[in-house]
Amino acid sequence: MSDNPNNWPLWEVFIQSKRGLEHKHVGSLHAADAEMAIENARDVYTRRQEGNSIWVVEAEHIHASRPEDAESLFDPADDKVYRHPTFYTMPEGAKYI
Amino acid sequence: MSNALFTYTLRLADDLLVLSHRLSEWCGHGPVLEEDIALTNRALDHLGEARNLLQYAGQVEGQGRSDDDLAFLRNERQYRNVKLVEQPNGDYAHTIARNFLFDAYHLPLMHALLKSKDDQLVAIAGKAVKEATYHLRHSSEWMVRFGDGTDESHQRAQTALDDLWTFTGELFVEDDVQKELEKAGIAPASGPIKAAFDSTVNEVLKEATLKRPEDGFMAEGGRDGRHTEHLGYILAEMQYLQRAYPGAEW
């Protein structure tokens with residue numbers, strides 16, 4: 001499909017569910033330009049009150065790490081438990097940590 | 001007065017019910033998935049708006065008719081929608097042009113209804129106005145894409161406009177019902193709504209490089225129950241179940 005030059009480009013859609021929260025990736029869609037992508041995202045991904053704000057990014061502008069690099073990128077963190085903040089005693093009465 | 005209000009509310013409701021049915025015909029047939037969903041969303045918006053209005057019409061009439069009764073058990077001569085909304089979908093440019101012409105009328109109407117002396121209509125319009133704003137945005141943008149797109153899309157959009165233009169006069173008809181309610185401060189005057197319609201249409205068509213059709217013969221009668229042949233087919237499909245199995249619930 002993507003070989004057809006008449007097809008609209010692919011866009012990745014990010015929706016913010018509540019003010020203050022992050023925009024989360026929810027999926028993708030096709031659109032001719034950014035404005036259409038936002039409207040399509042509204043129609044496809046926010047029909048059940050999921051959204052408060054929409055970001056769209058053309059998929060070709062996203063750079064991803066390579067799956068074959070996964071070992072060298074992520075495995076070294078395996079045995080470094082001291083990077084997790086789990087060695088502290090929680091102060092009494094602190095709720096939201 | 002309550003008679004006029006009943007008719008007026010039916011007019012508002014039937015425009016939306018019939019347009020909703022037309023748009024629902026696109027479900028599963030849209031040109032792309034995204035537009036298929038957009039039109040189906042819109043069909044559901046109109047169905048919700050129509051239900052609110054039909055429920056209110058039933059109250060105004062005071063004969064105990066529900067929204068379902070009014071939707072499923074009236075014949076085409078009792079429907080009060082404009083002829084514009086019952087026109088067939090045609091190609092996508094036709095559907096968009098029909099939406100656009102209706103939206104350019106419907107949005108200012110909803111805005112004006114916010115100042116009505118009828119609290120129920122104010123409440124219904126308050127809900128509809130946000131939806132109508134998005135509908136106009138969607139249809140305007142597509143008019144520009146088609147008009148200022150390829151030769152073929154331009155031609156199709158222009159043909160659609162030319163075909164549908166004759167149905168726009170009816171949107172602003174000033175008859176006894178309209179005048180009576182206008183006097184009572186319930187229905188907004190047609191003049192300012194026509195002015196808003198003209199300004200939207202001119203602005204969007206200019207950007208779309210499309211030509212505004214000349215005002216010629218204007219088809220009327222829908223507001224009084226005289227429709228084009230298309231409405232009967234719509235109702236036959238919409239009402240089949242209630243007519244075949246009266247009182248069926250599911």
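Residues are numbered from 1 along each chain as its sequence is written, while chains are lettered from A and ligands numbered from 1 in the order in which they are written. Because the model is predicted, local features need pLDDT of at least 70 and side-chain atom pairs count only at pLDDT 80 or more, whereas totals for chains, interfaces and linings use all residues. The predictor assigns the complex an ipTM of 0.76 and a pTM of 0.89.

Helices and strands are taken here as DSSP runs, numbered from the N terminus (H or I and at least four residues for helices, E and at least two for strands). In chain B, helix α1 spans residues 2-24 and extends 32 Å from its first C-alpha to its last, which is close to the 33 Å expected for its 23 residues (the expected span being 1.5 Å times one less than the number of residues). Of these 23 residues, 20 are buried, so α1(B) is largely enclosed by the rest of the structure; a residue counts as buried if 20 or more other C-beta atoms, placed from the backbone, lie within 10 Å of its own, as exposed if 12 or fewer do, and as partly exposed in between.

Helix α6 (residues 119-147) and helix α7 (residues 151-164) of chain B pack at an angle of about 125 degrees, with their axes 7 Å apart. Axes are lines fitted to C-alpha atoms, for helices over the stretch in contact, and angles run from 0 to 180 degrees between N-to-C directions. The two helices, α6(B) and α7(B), are therefore oblique to each other, given that angles under 35 degrees count as roughly parallel, over 145 as roughly antiparallel, 65 to 115 as roughly perpendicular and the rest as oblique. M143(B), F146(B) and G147(B) of α6(B) meet S153(B), H154(B), R156(B) and A157(B) of α7(B), where contact requires that C-beta atoms, placed from the backbone, lie within 7 Å. Among the buried residues of α7(B) are R156(B), A157(B) and L161(B), and the buried residues of this helix pack against α4 (83-86), α5 (92-113) and α6 of chain B.

The contact between the chains takes nine residues from chain A and seven residues from chain B. On the side of chain A that touches chain B, α1(A) gives the most, with five residues. The buried residues of α1(A) are M36(A), A37(A), E39(A), N40(A), A41(A) and D43(A), and their cover includes β1 (10-16), β2 and β3 (53-58) of chain A together with α2 (33-61) and α6 of chain B.

Within strand β2 of chain A lies L29(A), which counts as buried with 23 C-beta neighbours inside 10 Å. Leaving aside neighbours within four places in sequence, L29(A) is in contact with residues that include W11(A), A37(A), N40(A), A41(A) and E34(B).

T166(B), by comparison, is found in the loop between α7 and α8 (176-183) of chain B and is partly exposed, with 17 other C-beta atoms within 10 Å. Leaving aside neighbours within four places in sequence, T166(B) is in contact with G216(B), F217(B), M218(B) and A219(B). The C-alpha atoms of T166(B) and E214(B) are separated by 9.4 Å, although these residues are 48 residues apart along the chain.

Notes. Two residues are in contact if their C-beta atoms, placed from the backbone, lie within 7 Å.
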